[in-house]
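Subject: Structure handover

Hi,

Here is the structure for you to look through. My notes follow below it.

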Amino acid sequence: MSDPAIAHAAQFDDATQQREAATFGMWVFLATEILFFGGMFLGYAAYRRAYPAAFAAASRHTLLAFGATNTAVLLISSAMMAFAVRAAREKRRAALAWRLFATAALGLLFLGIKGFEYAREFSEHLLPGASFHFDPPYTNQAEMFFYLYFLMTGVHAIHVTIGVVLIAIFGSRAWHTDAFARNDTAVDLLGLYWHFVDIVWVFLFPLIYLVERHS
Amino acid sequence: MKQPPSSGRFLFTLAALLGLLALTIGVAYVDLGPFNTTAALTISVAKAVLIVMIFMGIRGRSPLIWVALGTGFFFLAIMFVLSMSDFLTRGWK
C-alpha cells in the first residue's frame, strides 16, 4: 500500500503511516469542532424550549428563499469538493485546479447571499443591540433568537471564509505546481473540513429558517 | 484509503441531498404538532450521514477515524443529556 514515490517525514515509517496520522489529526480537529458548535446548539435548544412561540415568530422574519438557496449552494460545493479530492487522487492536475476554483466560487456565492441577508436584517432592525426592533409581546425573546442567529451563522460564515481562502490557495498551487500530484493528502483533509462546514449548515438551516412555518 | 466512489455515486448523493432539502422545506409547512422539529432534525441527520459516508468517504478509512468521530459525538451527547436533564425538568417555561 505504501507508495515509495511519496516522501515522508523522519518520524514516520512510511508514507502510508504519515497519511493516516495526518488524516487522524484532521478528524480529531473535527471532533473538537463538533463540541465547539455543539455548545451554541445547546444554547439554542435551551432558549427555544423556553420560548417556543417567540422563536417561531422570529424565524418567520428570516429569508427562507435565501436560506434554502444557500443550502443548495453549499451542498453543490460539497459535491464539487468530493470531485476535486478524486481528481487529486487520480493526479489530474488541471481538473483538480478547476474543481477547487469552482468549490471556492460556490463558497463565495454562499457568503454573498448571506451578506445580502445580513444587510436586509440590519435594515429591518433585527440585529440585537440598541436599535433592535421586534413587535411585542416577543421583543426580548426574539432578540435572543436573533442573537443566536447572528452568532451561529456568523461563526459558520467565518469557517466558510477560511475554507474559501484555503481552497483558492490550494487551487492556485494545483494550477502552478505539481505538489498535489505527488501527495494528495492535504487536498483530502481540506475536503474533510469543507464537508464538515457543510454539515453544520445542514443543521442550522431548519433550526433558523423553518421553525413552525406551517402556523 | 480505498478508491473514492464513482462520479455517478457523487451525483446521486447530491441529488438525494437536494431532494432531502426540498423535503425538509415541504414538511415544515405541514402541521405535525410537536413532531415538526423531530422531522426536520431527522432529515438533517440523514443528510449528514450521506455527506459523511459518501463525500467524506469514511468507510474506506482507518478504524481510528471512527474513534475520533465517536468521541466527538459521545461528549456532545454528555453535554446535551446532562444540560437538558436540568432544563427539561425545571418548572419555568
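A:H156 is buried, at 1% relative accessible area. Buried means under 20%, exposed over 50%, and partly exposed in between (1.4 Å probe, protein chains only). This is a predicted model: local features need pLDDT of at least 70, side-chain atom pairs count only at pLDDT 80 or more, and totals for chains, interfaces and linings use all residues. Residues are numbered from 1 along each chain as its sequence is written, chains are lettered from A and ligands numbered from 1 in the order written, and side-chain values use heavy atoms, without hydrogens and water.

A:H156 sits in helix 5 (residues 139-176) of chain A. Helices are DSSP runs (H or I, at least four residues), and so are strands (E, at least two), numbered from the N terminus. Leaving out residues up to four places away in sequence, A:H156 touches A:F37, A:L74, A:F110, A:V197, A:V200, A:W201 and A:L204. Contact means heavy atoms within 4.5 Å.

A:L35 is partly exposed, with a relative accessible area of 30%. Helix 1 (residues 15-50) of chain A holds A:L35.

Now chain B. Chain B has three helices and zero strands. Its elements run α-α-α from the N terminus. The C-alpha trace of chain B spans about 55 × 35 × 10 Å along its principal axes. Of its 93 residues, 37% count as buried. Among contacts in chain B with a separation of 6 or more, 57% join residues 24 or more positions apart.

Best wishes
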